[in-house]
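Look over the sequence and the fold before reading on.

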Amino acid sequence: MVVEENQNQMMDSIAGDSAITANVSEDEAEEETTTNTWKNTKELLILHLSKKLLHGDLDFRIEAAKEIRKLLRKSPVKSSARSKLADAGVIPPLVPMLISSNVDARHASLLALLNLAVRNERNKIEIVKAGAVPPLIQILKLHNASLRELATAAILTLSAAPANKATIITSGVPPLLVQMLSSGTVQGKVDAVTALHNLSACKEYSASILDAKAVSPLIHLLKECKKHSKFAEKATALVEMILSHSEDGRNAITSCEDGILTLVETVEDGSPLSIEHAVGALLSLCRSDRDKYRKLILKEGAIPGLLSSTVEGTSKSRDRARVLLDLLRETSREKEMAPLILEKIVYGIAVQVDGAEKAAETAKKLLQNMVHRSMELSMKSIQHKANISSKSNI
């Protein structure tokens with residue numbers, strides 16, 4: 001009886017397991033069927049949208065553009081919908097809609113193209129190849145703030161593809177982005193800075209991307225933003241680029257309200273990359289005309305931030321800070337009064353870096369490093385003079 005009861009329990013258990021397995025299999029099959037159905041539905045929708053864009057009237061095309069945006073906004077990040085829509089030929093008919101006299105057509109096509117370009121390098125390139133840049137330039141020249149903002153966002157997205165940079169630059173986009181820095185919406189200004197930063201990576205044209213007109217709006221934006229933000233990193237990189245290539249740009253920053261002060265504040269409060277670019281910008285000023293810019297930089301209290309940068313930050317910012325400090329050195333008479341002031345400044349920096357307990361030791365190391373650097377420079381100067389003397393004797 002006991003054996004028979006155990007056998008019955010075993011049979012019930014096996015039957016139960018079989019039922020569970022059958023249910024799981026049914027669920028998986030149902031899920032697979034649902035997935036395939038949705039996949040087929042999406043593919044049919046893509047073909048439908050393509051036909052509407054290729055063969056429909058303007059109202060149908062506007063409706064199709066809106067549906068493309070809606071479809072892509074709901075798609076997962078790694079969805080293939082963007083590529084499939086491009087393969088279905090939706091990009092070429094969307095581009096002419098950008099220059100339509102119908103504002104709704106422009107708006108809908110802009111949003112559709114933006115969503116097609118996001119997270120898809122091939123689509124970015126195809127959109128530019130389809131001739132989207134000239135219509136976007138036309139939109140950037142309009143007085144419609146909403147369309148200008150979307151066009152700027154489109155340029156930003158398209159400029160992320162290395163293959164597009166030269167085309168965008170040579171088409172005359174950068175000056176219009178510079179205008180956005182002054183007259184655009186808040187989001188438009190942010191996107192314009194990022195787009196210009198993207199384009200600056202094109203070394204062939206980097207020197208011609210920006211001119212002196214960009215200095216004032218960039219400084220204003222830098223003044224208003226958080227100095228350690230990613231936006232500040234891009235803005236200071238652009239300022240450094242202008243000051244290193246343009247005399248007009250260097251003149252512009254001196255006539256710009258709080259221009260040099262904003263760079264000094266970035267050296268004090270910025271992220272390591274912002275500090276690197278801000279020190280580089282100040283160094284470009286001082287190298288171009290030491291007599292002109294030295295007092296202006298010192299007047300804004302640059303020394304503490306620069307001394308701190310010789311200890312912290314990237315290797316490039318440390319090197320730049322040391323060179324700039326050498327250029328800012330006082331005259332021989334002023335040097336006699338400098339040591340005590342310098343010690344106080346260095347001690348203050350040491351407190352911020354390592355706290356009051358270790359400040360004395362840190363300050364001592366800082367001063368030793370500065371003395372060592374000064375001796376190196378002196379030795380180089382002596383060697384240089386000796387070489388000149390020996391050559392003249394020959």
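## Helix 10 and its neighbours

The buried residues of helix 10 pack against helix 7 (133–140), helix 8, helix 9 (162–170), helix 11 (186–199), helix 12 (206–209) and helix 13 (215–224). Contact here means heavy atoms within 4.5 Å. Helix 10 spans residues 173–183, and its buried residues are V173, P174, L176, L177, V178, M180 and L181. Buried means under 20% relative accessible area, with a 1.4 Å probe and protein chains only. Helices are DSSP runs of H or I, at least four residues long, numbered from the N terminus.

The model is predicted: local features need pLDDT of at least 70, side-chain atom pairs count only at pLDDT 80 or more, and totals for chains, interfaces and linings use all residues. Residues are numbered from 1 along each chain as its sequence is written, and side-chain values use heavy atoms, with hydrogens and water left out.

## Helix 5 against helix 6

Helix 5 and helix 6 (residues 121–129) pack with their axes 7 Å apart, at an angle of about 140°. That makes helix 5 oblique to helix 6. Oblique covers what is left after under 35 degrees (roughly parallel), over 145 (roughly antiparallel) and 65 to 115 (roughly perpendicular). Axes are lines fitted to C-alpha atoms over the stretch in contact, and angles run from 0 to 180 degrees between N-to-C directions.

L113, L116 and A117 of helix 5 meet N123, K124 and I127 of helix 6. The contact residues divide into four nonpolar, one polar and one charged. Ala, Val, Leu, Ile, Met, Phe, Trp, Tyr, Cys and Pro count as nonpolar, Asp, Glu, Lys and Arg as charged, and the others, Gly among them, as polar.

## The largest cavity

The largest cavity has a volume of about 70 Å³. A cavity is a set of points on a 1 Å grid over the protein atoms alone where a 1.4 Å probe fits but cannot get out; lining residues have an atom within 4 Å of a point. Volume is the space filled by probe spheres set on the points, which are joined across faces, edges and corners.

Helix 5 (103–117) and helix 8 (145–159) each give two or more residues to the lining. Helix 5 gives the most, with four residues. By class, the lining has 10 nonpolar, one polar and no charged residues.

## The second largest pocket

About 290 Å³ of space lies in the second largest pocket. A pocket is an open set with protein on both sides within 12 Å along at least five of seven lines. Its lining has 16 residues, with S200, K203, A237, M241 and H277 nearest the centre. Helix 14 supplies the largest share, nine residues.

Terms used. Buried means under 20% relative accessible area, exposed over 50%, partly exposed in between (1.4 Å probe, protein chains only).
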